[in-house]
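These notebook entries record what I looked up in the structure shown below. I kept them in the order of my reading.

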Amino acid sequence: MTPAGGFPAAAREALGDSQLRANLRNATHTIRDKRAAAVAEVPDWQELREAGRLIKERATRHLDRHLEDLEAAVTRAGGTVHWAADAAAANRIVGDLVEATGQTEVVKVKSMATEEIGLNAALAGRGIEALETDLAELINQLSGDTSSHILVPAIHRNRAEIRALFQRELPGSGELDETPEALTAAARAYLRERFLRAEVAISGANFAIAETGTIGVVESEGNGRMCTTLPRTLITVMGIEKVLPRLADLEVMLQLLPRSSTAERMNPYTSLWTGVTPGDGPEEFHLVLLDAGRTSALADEVGRQALHCIRCSACLNVCPVYERTGGHAYESVYPGPIGAILTPQLSSFEKGETLPWASSLCGACYDACPVKIDIPTVLVHLRGKVVRREAAGAGGEADDPGERLSMKLAAWAFGTPRRYRLAQRTALPALRLLAKVPGLARLIPGPLAAWTTVRELPEPPEETFSEWWQGRRP
Amino acid sequence: MRVGLFITCLTDTLYPDSGKATVAVLERLGHDVVVPAEQTCCGQMHANSGYEAEAMPLIRNFVRAFGGGDLDAVVAPSGSCVAMVRHHYPRLAAEAGDAALVDAVAALAPRVFELTEFLVGELGVEDVGASYPHRVAYHPSCHGLRVLRLGDAPLRLLRNVDGIELLELEEAEACCGFGGTFAVKNADVSAAMLADKVRAVLGSGAEVCAATDSSCLMHIGGALRRGRTGVRAVHIAEILAAEEAG
């Protein structure tokens, strides 16, 4: 029952890293408590969540129309819209656009979409250097590391590790102390020079408004504002599910997002731009609309709600599994509970096939989600899809013929009261034998061994409840 | 009231004392308890593990066993099994495209209750006349807490038990790591979650860890016994049925 690869194996490795576990526990508990306080301040939080859910549901239900409206509005405002069916197409479009400017370096706003498509590596392959300007993304980039959290990509790092990295990698950072102020100042000095000479910037988008063609990026450090205003050319790569029908929808989203993500009442830097404005900001604006599996996810009536995600990370911060394994164990750009339902769907189950099981279904993620994505129900639904795929011979890492057989047997045994009683009469003596011979269960590979590594098996009773009831009421 | 006992396969087979205690509490309050012999398993393990097709006959069997219409309510000593019936049956019946089953589930599911929500929410009883002179830490099981929204119903009942000393459980609302097949499919993560839960139970100074679900108690109790802690995992029904002298 324990698959050899996938999440269980990656999680085992992460669990063995005690520094990582301490870093994660501190960080997730701090954000978790702050979020709870920020949410508790809003008397109509539940109504806001429902409004957010309805806005995203409407946006995705009529996605085709909203996207065409968005394209028309962006074009009217002087921007250019490009359609990318997959990661390769998006990378090619962006690469061509940068090459056309003659530049070999670009500055980047933190963006999940560009991470998802592996844009930095694709640009590097064409001789273009992409510099991450979000502090945590910069830390990961300088150390050759990958993100382990949607919002706090370097959550797995502590101050001492970052200080050592900056002293090694940032020219002229001198003797640094470990305070957040000193570390930030070193990054700021390094980045400022790059902002001032950048001719091209690449961003993602938190929202795009269909009726006006307005793009929105929310961030905390001001690096995004630098990128979206200073360079001559701005290229935005955005998943098609980010579109919102009306500008007024931001009223709900900009309340939900900051409290859920950074536990702030209001987001520090909210940049909204509509096409280009002569004499103000970029002279050229390109919007790349990315599908990359979203249309096929949209076809699943239960699973499609994963596309409502506004990337706040509240589900990661409250998840007891994420808290213990960190993001890398999910082996995806999107970790945590939302990653467990997004990754397999965006990749048509080519990736993350074991992720739907990376949850105890405790439901903390659903309670925290600002747009009420019923993550536990989607997880269970996706488990069904994977089981059926594997039963049909897909041969993925979640394939478990032993489990399939046990489940079929159990369903047969539970099928009628007579078979059920027979199963009880078979199981109890077996359990009594296992109880009598210490260590026996651990020798039986599969669920028994997995259970008994840290737990005793239940002590079998003398008689079942049914037997007792029969005797009591003749 | 004529109450149908949904004993659940786990309680029936491995934890009969919790079932007996549920009967005792309901009968003490003057209710007529019926145990339909046709019941087997609600199908939760199958449905939650991705075996929806295998769960469907079990769902139909449950509806046959309890849907007769001669019961005023159906009560189970398990939050997760009740969550399966109330929360997942309607969706699974609809997905199976079985209109008759959808109707039968719609009629039955709202009358299925977890024991403590039945006592507090339906009967309005918070003092069941129990006496249990022990130090108890209460673990709110996830499905009761976040799917059924039991709120403080279990605690209200426990607070009215004579002689009980209720202790604070640190991070009480954190999952114990059971999660059905999660405990064996992701055994390492489950064990890490369980270790933290056990640490909290031991830190509370309790001699008993109580919960509404035998499944969580099997998990927590299994670790408490492995660690030879002397702390017992006890179903809340057994505390509510207890008449121990102080």
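**Entry 1. A loop residue of chain B**

Between which helix and which strand of chain B does the loop with B:Arg228 lie? I found B:Arg228 in the loop that runs between helix H12 (214–226) and strand E8 (232–235) of chain B. I note at the outset that the model is predicted. I looked up the backbone of B:Arg228 and read a phi near 45°, a positive value in a residue other than glycine. Most residues other than glycine have a negative phi. I then looked up the surroundings of this residue: B:Arg228 has 8 C-beta neighbours inside 10 Å and so counts as exposed, the cut-off being 12 or fewer.

**Entry 2. A loop residue of chain A**

I looked up a positive phi in chain A as well. A:Ser348 is not a glycine, yet its phi is positive, at about 50°. I located A:Ser348 in the loop between helix H16 (336–346) and helix H17 (364–368) of chain A. Is A:Ser348 buried or exposed? A:Ser348 counts as exposed, because I read 11 C-beta neighbours inside 10 Å.

**Entry 3. Chain B as a whole**

I next turned to the overall form of chain B. I recorded 13 helices and eight strands in chain B. The C-alpha atoms of the chain fill a box of roughly 50 × 45 × 30 Å along the principal axes. I compared the radius of gyration of chain B, 18 Å, with the value near 18 Å that a compact globule of 246 residues would have, and the two agree. Of the 246 residues in chain B, 63% are buried. I also looked up how contacts span the sequence of chain B: among those between residues at least 6 apart, 79% join residues at least 24 apart.

Two packed helices are described by the angle between their axes and the distance between the axes.

I began with helix H4 (residues 52–66) and helix H5 (residues 79–95) of chain B, whose axes come within 11 Å and cross at roughly 115°. That angle makes H4(B) roughly perpendicular to H5(B). I noted that H4(B) passes H5(B) in a left-handed crossing. From H4(B), B:Glu52, B:Ala55, B:Ile59 and B:Phe62 meet B:Val85, B:Tyr89 and B:Leu92 of H5(B). By class, I recorded six nonpolar, no polar and one charged residues in this contact.

I then looked up H4(B) against helix H6 (residues 99–108) of chain B. Their axes come within 11 Å and cross at roughly 50°. H4(B) and H6(B) are therefore oblique to each other. H4(B) passes H6(B) in a left-handed crossing. On the H4(B) side I listed B:Arg60, B:Val63 and B:Phe66, which meet B:Leu101, B:Ala104, B:Val105 and B:Leu108 in H6(B). The residues of this contact divide into six nonpolar, no polar and one charged.

How are H5(B) and H6(B) packed, and at what angle? I read an angle of about 170° for H5(B) and H6(B), with their axes 8 Å apart. H5(B) is thus roughly antiparallel to H6(B). In H5(B), B:Tyr89, B:Pro90, B:Ala93 and B:Ala94 meet B:Leu101, B:Val102, B:Val105 and B:Ala106 in H6(B).

**Entry 4. A buried cysteine**

I looked up B:Cys41, which lies in the loop between strand E2 (32–34) and helix H3 (44–48) of chain B. B:Cys41 is buried, because 25 other C-beta atoms lie within 10 Å, where 20 or more are required. Which residues are in contact with B:Cys41, leaving aside its neighbours within four places in sequence? I found A:Phe414, B:Cys9 and B:Leu58. The C-alpha atoms of B:Cys41 and B:Leu58 are separated by 6.4 Å, although the two residues are 17 apart along the chain.

**Entry 5. The two chains together**

Finally, I looked up the contact between the chains. I recorded 50 residues of chain A in contact with 50 residues of chain B. Among the elements that give two or more residues to the chain A side are helix H1 (6–15), helix H18 (375–391) and helix H20 (417–436) of chain A. By class, I noted 31 nonpolar, 11 polar and eight charged residues on the side of chain A that touches chain B.

Key. Residues are numbered from 1 along each chain as its sequence is written. Chains are lettered from A and ligands numbered from 1 in the order in which they are written. This is a predicted model: local features need pLDDT of at least 70, side-chain atom pairs count only at pLDDT 80 or more; totals for chains, interfaces and linings use all residues. Helices (H or I, at least four residues) and strands (E, at least two) are DSSP runs, numbered from the N terminus. The radius of gyration is taken over C-alpha atoms; the globule rule is 2.2 Å times the number of residues to the power 0.38. Two residues are in contact if their C-beta atoms, placed from the backbone, lie within 7 Å. Ala, Val, Leu, Ile, Met, Phe, Trp, Tyr, Cys and Pro count as nonpolar, Asp, Glu, Lys and Arg as charged, and the others, Gly among them, as polar. Axes are lines fitted to C-alpha atoms, for helices over the stretch in contact, and angles run from 0 to 180 degrees between N-to-C directions. Angles under 35 degrees count as roughly parallel, over 145 as roughly antiparallel, 65 to 115 as roughly perpendicular and the rest as oblique. A crossing is left-handed if the near helix is turned anticlockwise from the far one by less than a right angle, and right-handed if clockwise.
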